[in-house]
Amino acid sequence: MGYSLYYITKIAAVVARDVLFFPIWWYSLGAINLIIGIKNFLVGQAQMMAIMVWIKNIFKPMYAQSDWQGRIISFFMRLVQIILRSIMMAVWFLIAFFVFIAWLMMPLIIIINIYKQLK
Amino acid sequence: MDKQINENYRVSKKAAAAGEFGLLYGKNYLVWKAHLKTAQILMRRLEKMVYRGLEGAAMVFGIIGVAALLWWLAENTNWFIDIDHYAFWQFESKRLLIFWLGIIALLYNFYRLKMEGRLNDLFKVEAAVNLSSTEKAWLDEQSVKNLKKIKRINVSRYLLPSTFRVVENTVLAAIKKNQNPSIKHLFVALLSDNSIQAVMGRLGIDPRVLKNKVESWIRPNSGVKKSADDIVLEPNLIEALLDSYVLASEFGNDKVSTLEIWLQCARYDAQINELLYNYDIDLRKVYNTIRWFSINRQQVRRWHEYRRRSIFKPGKQMDRAYTAVATPLLNQLGRDLTVAAKRGRLPFCVARDKEIEEVFTHLESGSCGVILSGPVGVGKYTVISGIAQRMVSEEVPAFMRDKRLVEIDVARLISGAGASESEGRLMAVMDEATHSGNIILAIRDIENMIGVSAGAEQSLDLSEVLVSAIDSRQLICFATVTDVNWSQYVERTALGNVMKKVDIEEPLDDQAIQIISSKIGALEGKHNVYFTYDALEASIKLTMQYMHDRVLPEKAIEMLELAAAQAKKQEVKVIDKLYMGKVISEATNIPVQRATAEEGKLLLNLEKKIHEQLIDQEEAVKIVASSMRRARAQLQSNKRPIANFLFLGPTGVGKTELAKTLSRIYFGGEEFMIRVDMSEYQHPDSITKLIGEPRGNKGYLTEAVRTQPFALLLLDEFEKANSNILNLFLQVMEDGRLTDGYGQTVDFTNTIIIATSNAGAVYIQEQVRASVPIEKIKVELLNDHLQKVLRPELINRFDGVVVFKPLSITDVEQITKLMLNKLAVNMEKQGIALETTVSGIKILAQQGYDPQFGARPLRRLLQDTIESQIANQILAGELTRRDTVIIDSNAQIQVRKGKIL
């Protein structure tokens, strides 16, 4: 009997610690995890868009058309591509930023609403 | 694994009993430290249960919260029509309060999930420890403290969670029986594990049988009840657990699973080892099976990694920066291997990393062409596929990144075009390839390109075009060629000079098993069958033994496919060693019992078996049997025919009969005997009759052995053939192969070659009559008579020269009996019985015996007198079913009529 009481208190303590850690986790490890996840997503998107490849090759003619007309057309074509792709990337950045803000705000919103409902 | 004789075992008894020792492995010191007291285990499990309950409750509450919101919305928005109320947070209600609390519950659940995942992550990061392989030593913890720069690894932290649970179960089970946990407890606990049961399935044993047996060895300890603190793990259990870590690291796994532990249990417990041995399972088999599972797991992991990386590979003909030039002609004539690999259409390349690295090394050292050379079916094209896959995941040297690998189909290149036209096409393709800047070419069977019309008037060599492109470093090119064609067509040509050769060797034993086991999953899925490990091993062993003209892994894979397809048709679910043997024997025309049964037993009783069908010739039979045994024992490492014999003796003494008998016993029938009358080959030109001629007739001998590789080859009257033809057999008997007129190699290693000769027959008869011992006669024959007709090196090639002595009258009586018995068997089929009398047989033997011709006249006599008379009577209707033919004491035929029904 004494033993089981000991176990119950011990487990209760462990669980209580776990529950109390939840809000701390949200703004520490949880937030860091989210940042890492967002970073990986953006890196993947950047790799798909290959903007750096386009920037590096901006003076290289496309389709190996190395006459001067080809070079000029290529340059502008690449410029347009870089701009379009940059806009796409910017959109992704924006979305990522909103997700992060939402994460930070979430507990506050919930608590405010609960407070409102209780009032 | 005996500790006493192992000098690397330096653990004191006290330390072993307390579990305070570890395994020093290179710079690592492996120890086992885990909280395994009953209370601790129960606590851990209880904790887990509480968490599961908590998570479940939170989940339910979250769902209730969402439902509460929906309810509120339904009520206040006139069933979702009134849009104003969608901004629910502006209103007040009990139900909305429940919703917000529910959201907290859901978020808490998310947090729990992440926390568990984080624990697993920690596991992963830590577990990426690679042990550098050096000597093992078992040491006390005390003695290690003084050593510097040693990394301590607690193995218990590197077990998969499910595996650790099995260890916990082991401890609990042992405590219940009041014993210290031992390997046997662990072994029993492991047998309930899913992956171990899968391994047992592959090995073809029932886990329940093993479980009962091992459990019966564990007797509950009836002594004083031990307290929880007294329970310690048996030293050899700790040893097995620690060594499992070494094994897991050897397999390249990042965790220790039940598989590794199971193998170590069998290794560290002699009794379990013996038990497995009873089921014909040794440690090597267990090891290979477990590695098979390990490979599968790694393959899945590699596949995921590959898919993840391949997303970034462009799927079209362009590189990422759009600097490449479009290649319309190349796209039409070639096949884009990188695109095919990206879509997963190429065979997965396994166990060829060494070769691929060699290719890269050649390219990095400045060469622009690499040619893969090896026999047909060794997997040259698979290596090219492997390179394509690496290009997709970009695991290649920098200059190969962001490029396409395109295979040119030579057949398409030259089809429907004249010589100059196809050259024009190739030039155009080359131009495109060099211009585009992102193309790497692959050419399968490049020999087709060389000498497309070599020797003819309009001679053209397509390869010249390729050579100039590679030589000027405008293009990287891979090619494959068979090893034969390499030396015949490519080596010493311009192409051979610019391209670096990489040999693709035939994979043997373990490498072959590894390659094959990677194919099994797909095969099983396709045909809905199941292969045991033994079947895999048999497919390699038997094809290696009986299919010499082809190479691994292709021949084994083909046999496995054949077996799977057949099994599906016959509704066989499990393919084991026997089934595999049957399939291979059907495909190769080799009798089943030879491919599967134990040959040793047969050879041990060979004399007895022969004498059941052959009278006397004791010495000859003894020499043949013992030579067969001798030759067979060496054969495994030797590439020679099974045995070569020379039979000497007068006509009609049983030379051919012994050959026939041997064929019946050893190969399973007389149809496995190929008979060649060498007297037909007295002219030097007749060699073409024997081995065929280029673009002409096929050779009688080579064709017969090719279609029937497992046969007895009887060369009658050997010495009569032309000496040039006899020289052929020098090679056959020494190397076990012969090249026919077409240039194909025919394999003789599964044949028994018997040459017969009458040389010195008269001498033998004279000497035997003068009672000279056979041994002496043989020496004289070898030194004198035989030398005159055969060259000494040829005589030396025979495993045994066997002298047959003339038959005595008693032998002939025995033979008469044997022949009449055969006749009786034939008559039996027609329902007619045959009875003989002793004196009748004696008279027949007397009449049929001729000192000069041995037993040969006897057959004619029996045909002329007995057989033809019986035949006449049957035709005349005087002999019918149930009648009995009696050969009376005067050797005359009597008929006793049977009962009329």
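Tutor: A residue counts as buried if 20 or more other C-beta atoms lie within 10 Å of its own, as exposed if 12 or fewer do, and as partly exposed in between, with C-beta atoms placed from the backbone. This is a predicted model, in which local features need pLDDT of at least 70 and side-chain atom pairs count only at pLDDT 80 or more, while totals for chains, interfaces and linings use all residues. Residues are numbered from 1 along each chain as its sequence is written, and chains are lettered from A and ligands numbered from 1 in the order in which they are written.

Student: What percentage of the residues of chain A count as buried?

Tutor: Helices (H or I, at least four residues) and strands (E, at least two) are DSSP runs, numbered from the N terminus. Chain A has four helices and zero strands, in the order α-α-α-α. Of its 119 residues, the buried share is 5%.

Student: Which helix of chain A gives the most residues to the side that touches chain B?

Tutor: Two residues are in contact if their C-beta atoms, placed from the backbone, lie within 7 Å. By that test, 23 residues of chain A meet 25 residues of chain B. Helix 1 (2–27), helix 2 (29–49), helix 3 (51–56) and helix 4 (68–118) of chain A each supply at least two residues of the touching side. With six residues, the one that gives the most is helix 1 of chain A.

Student: How many residues of helix 6 of chain B are buried?

Tutor: The buried residues of helix 6 include Ile183(B), His185(B), Phe187(B) and Leu190(B). What covers them includes helix 5 (161–176), helix 7 (194–203) and helix 9 (235–251) of chain B. Helix 6 (residues 183–190) is largely enclosed by the rest of the structure, because the buried count is eight of the eight.

Student: Are the faces of strand 9 of chain B covered or uncovered?

Tutor: Strand 9 (residues 439–443) has five of its five residues buried. On one side these are Ile439(B), Leu441(B) and Ile443(B), and on the other Ile440(B) and Ala442(B). Both faces are therefore, by the buried cut-off, covered.

Student: Which residue of strand 10 of chain B is the bridge partner of Ile443(B)?

Tutor: Two strands pair if DSSP finds at least two bridges between them. Strand 9 pairs in the parallel sense with strand 8 (residues 404–408) over five bridges, and with strand 10 (residues 476–481), also parallel, over four bridges. In strand 10, the partner of Ile443(B) is Ala479(B).
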